[in-house]
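Please keep the sequence and the model at hand while reading.

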Amino acid sequence: MSMTTILQHCLTGISLGGAYALIAIGYTLVYGILRLINFAHGDIFMMAGYFMIFALTSFPWPIAILITLVVTTLMGIGIERAAYKPLRSAPRMSIMISAIGVSYLLQNLSTYLFTAIPRGYPEIPFLKKIFQMGELSASFVTILTPILTIILVVILMILVNKTKTGMAMRAVSKDFETAKLMGININRVISVTFAIGSFLAGVGSILYFTDRMSVTPFSGTLPGLKCFVAAVFGGIGNIPGAVVGGFFIGIVETLLVALGYSTFSDAFTFFLLIVMLLVRPTGLFGEKTVEKV
Amino acid sequence: MLKIKRNHLYSIIVLTLLMVFLYWLNANRLQNGMLVSVLQKGVILALVAVSMNLLNGFTGLFSLGQAGFMSIGAYTTAILLIPVQNLDGVYYMNGVHPAIRAFKMMVASSPEFIQIIFPFIALLLGGLLAAFAAAIVGIAVLRLKSDYLAIATLGLSEIVRAIFSSPQFDQVTNGSYGLNKIPNFPPMLWGAIPSLITPFIVVSICIVFIVFLIKSSYGRAFKAIREDEIAAEAMGINLFKHKSMSFIISSFFSAIAGGLLAMYMRSIEAKTFSITLTYDILLIVVIGGIGSVTGSVLSAFLVTAAKEWWLRFFDQPLLIGSWQVPLFRTGFRMVIFSILLMIVVLIYRRGIMGTNEFSWDRILKRLKFKRSKEGGKK
């Protein structure tokens with residue numbers, strides 16, 4: 001394999017990784033606060049793909065993107081209200097089963113509404129523009145994804161570290177009960193968390209599907225699980241960790257596909273997860289103090 | 001004493017009636033195709049659900065790897081049972097591995113007795129292979145707790161699926177083409193039990209074994225681990241030994257069910273055993289009640305019948321007079337089913353049975369209670 005091909009694949013990998021990173025943040029935030037693997041997160045990401053398809057049929061792209069992001073965010077908050085809030089005092093297993101149920105419902109609902117036949121993802125002209133850099137060629141979305149990811153993460157970090165809401169989020173993730181006693185409105189913080197997670201999943205969805213061209217009701221499952229692995233890899237609850245994990249998994253996966261091991265590219269992610277949980281359960285940047293495993 | 005005898009009597013009567021019903025069904029299987037296929041699929045899923053319940057409900061290990069172990073059983077059974085003359089037709093793309101062909105030739109030329117029980121040997125081998133895999137994997141994975149264990153086992157089943165569908169194993173598993181021409185259920189006891197009833201007998205034997213296991217001292221140790229690991233360890237229960245035992249036994253029976261599923265479906269591919277299958281089984285366990293064997297069995301039949309049969313009319317366009325009922329079209333059945341499921345998860349969290357088991361005493365008590373209530377009204 002020549003140097004150019006390797007670089008070309010790396011570029012694709014970085015782009016995929018950027019989308020993964022955005023989704024992984026949603027997992028990491030929710031897990032940090034509720035100690036819940038939000039199995040429905042991948043399906044929110046998939047639904048965002050469908051929203052975009054339908055929004056673009058009747059609106060120009062800037063408004064369509066806006067509508068997609070708003071609807072996705074609202075859906076994330078709605079799911080939390082309907083399916084997780086009633087189980088707040090229930091055992092962790094119940095909430096997880098509820099999350100699996102929501103994922104099941106979203107998949108069946110979208111199969112019903114949009115049929116299981118893959119739907120073409122609309123092209124947004126300026127995202128698909130091809131750039132030439134020496135021997136490398138890339139569409140604008142490939143270059144935009146990592147940059148946008150980094151910008152969003154920086155904004156998110158500022159939000160979490162500098163604002164009052166961010167402080168409340170950190171407090172809740174440190175100690176749920178004590179935070180409640182200190183007068184933090186837990187439900188509001190959790191809603192904000194889900195809103196941020198779903199918003200980022202919406203952005204990730206636009207970037208991911210522009211490269212993949214089609215959406216099916218099941219196209220959220222595997223990326224969802226992979227992004228959870230990315231979050232665990234980076235240290236769950238840790239935002240920069242999730243980003244690093246997302247990029248790492250994206251790049252390795254692309255390289256494995258390029259080398260002809262495409263059936264193993266999914267398996268690799270889970271292999272990485274198991275190894276990571278056994279060797280360093282707190283992840284790359286995770287805090288040591290909390291007993292998680 | 002009298003009560004126990006009475007309960008035994010009731011159970012024997014019900015079991016006899018069930019057997020009579022199954023033989024009747026066998027005689028009239030052509031008119032009742034849907035009922036037969038729902039009952040057979042239901043009983044197979046009942047076994048997986050009970051084995052998952054052994055792990056999730058009784059030992060408190062939240063594992064989502066059932067589909068992976070089922071696929072090990074299904075593939076082993078399928079590879080061993082595809083008739084020699086069909087091999088070239090099944091593996092038409094990449095050819096079959098010479099070792100498999102040689103082994104099949106050996107079986108085909110073995111005495112008749114071995115050929116008759118060979119399907120059961122194949123099921124057992126699938127189970128043992130899955131148990132072996134579980135034993136090895138368990139060493140690593142069982143150190144994890146709650147949701148980490150769930151996601152790790154989920155990952156394992158995806159790894160198994162990737163291996164089965166990978167081009168590197170084309171000559172064994174036929175890669176992404178899957179396997180077909182798998183023979184149907186074999187008859188048992190030289191035809192005394194027709195092939196239609198075989199899955200019911202096999203599953204009953206397996207579930208009875210699991211019930212005895214749960215009632216034994218091992219079962220009590222499992223429950224102790226579920227309630228409180230640290231306390232259980234302090235009482236002298238070897239955590240790792242019991243956890244891996246539960247994991248291995250659960251995988252063994254999942255694989256047997258997987259083998260039966262392969263015989264039921266007649267053709268399998270790696271996609272059959274995706275995450276969705278595990279979710280389906282988890283939902284059966286949840287609806288039946290986590291920690292109740294009878295609940296799992298009941299709900300396996302209920303869920304299968306509802307999904308494949310009773311709710312089927314939601315998928316057809318419905319006309320009342322000349323008015324077309326809106327919403328009724330393909331896929332609506334699954335939406336209704338998922339909503340029912342969310343209602344169970346959110347409101348009836350205990351499922352059908354909670355952690356209770358079926359007992360004649362409770363049913364009779366309830367009947368008496370109702371009767372006395374009605375009497376009071378009069």
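## Terms and basis

Helices (H or I, at least four residues) and strands (E, at least two) are DSSP runs, numbered from the N terminus. On a 1 Å grid over the protein atoms alone, a pocket is an open set of points with protein on both sides within 12 Å along at least five of seven lines, a cavity is a set of points where a 1.4 Å probe fits but cannot get out, and lining residues are those with an atom within 4 Å of a point.

This is a predicted model, in which local features need pLDDT of at least 70 and side-chain atom pairs count only at pLDDT 80 or more, while totals for chains, interfaces and linings use all residues. Residues are numbered from 1 along each chain as its sequence is written, chains are lettered from A and ligands numbered from 1 in the order in which they are written, and side-chain values use heavy atoms, with hydrogens and water left out.

The largest pocket holds about 1,900 Å³ of space, where a volume is the space filled by probe spheres set on the grid points, which are joined across faces, edges and corners. Its lining consists of 40 residues, and those nearest the centre are B:Leu15, B:Ile207, B:Thr294, B:Val297 and B:Phe358. Two or more lining residues come from each of helix H1 (2-27), helix H2 (33-58), helix H9 (198-215), helix H10 (217-227), helix H14 (293-308) and helix H16 (360-377) of chain B, and H1(B) gives the most, with eleven residues. By class, the lining of the largest pocket divides into 27 nonpolar, eight polar and five charged residues, if Ala, Val, Leu, Ile, Met, Phe, Trp, Tyr, Cys and Pro count as nonpolar, Asp, Glu, Lys and Arg as charged, and the others, Gly among them, as polar.

The second largest pocket has a volume of about 1,600 Å³ and is lined by 48 residues, of which A:Phe218, B:Arg161, B:Lys271, B:Ser274 and B:Thr276 lie nearest its centre. Helix H13 (residues 275-288) of chain B gives the most to the lining of this second pocket, with six residues. The lining of the second largest pocket comprises 20 nonpolar, 15 polar and 13 charged residues.

## The enclosed cavity

The structure holds one cavity of 30 Å³ or more, and the largest cavity has a volume of about 70 Å³. The residues that line the largest cavity are A:Tyr27, A:Phe39, A:Gly42, A:Asp43, A:Ser103, A:Gly220, A:Thr221, A:Gly224, A:Leu225 and B:Tyr279. Helix H2 (41-58) and helix H10 (221-234) of chain A are the elements that give two or more residues to this lining, with H10(A) giving the most, namely three residues. The lining of the largest cavity divides into four nonpolar, five polar and one charged.

On chain B, a nonpolar surface patch of about 930 Å² is made by B:Phe113, B:Ile114, B:Ile116, B:Ile117, B:Ile121, B:Leu124, B:Leu125, B:Leu128, B:Leu189 and B:Trp190. Patches are made of residues with over 30% relative accessible area and no salt bridge, like charges being joined within 9 Å and nonpolar side chains (Val, Leu, Ile, Met, Phe, Trp, Tyr) within 5 Å; accessible areas come from the Shrake-Rupley method with a 1.4 Å probe, and for residues only the protein chains shown count as cover.

One of the patch residues, B:Leu189, is found in the loop between helix H8 (170-173) and H9 of chain B. B:Leu189 is exposed, with a relative accessible area of 54%, where exposed means over 50%, buried under 20% and partly exposed in between (1.4 Å probe, protein chains only).

## Salt bridges

Side chains of opposite charge can pair when their charged atoms come close. In chain A, A:Arg88 pairs with A:Glu80, the closest N and O atoms being 2.2 Å apart; A:Arg88 is partly exposed, with a relative accessible area of 23%, whereas A:Glu80 is buried, at 1%. A network of salt bridges links A:Lys226, A:Glu253 and A:Asp266.

In chain B, B:Lys41 forms a salt bridge with B:Glu308, with 3.2 Å between the closest N and O atoms. This pair links distant parts of the chain, 267 residues apart, with B:Lys41 in helix H2 and B:Glu308 in helix H14 of chain B. The side chains of B:Asp280 and B:Lys307 also meet in a salt bridge (3.6 Å, N to O); B:Asp280 lies in helix H13 and B:Lys307 in helix H14 of chain B, so the pair ties together parts that are 27 residues apart in sequence. Both B:Asp280 and B:Lys307 are buried.

Key
A salt bridge is a side-chain nitrogen of Lys or Arg within 4 Å of a carboxyl oxygen of Asp or Glu.
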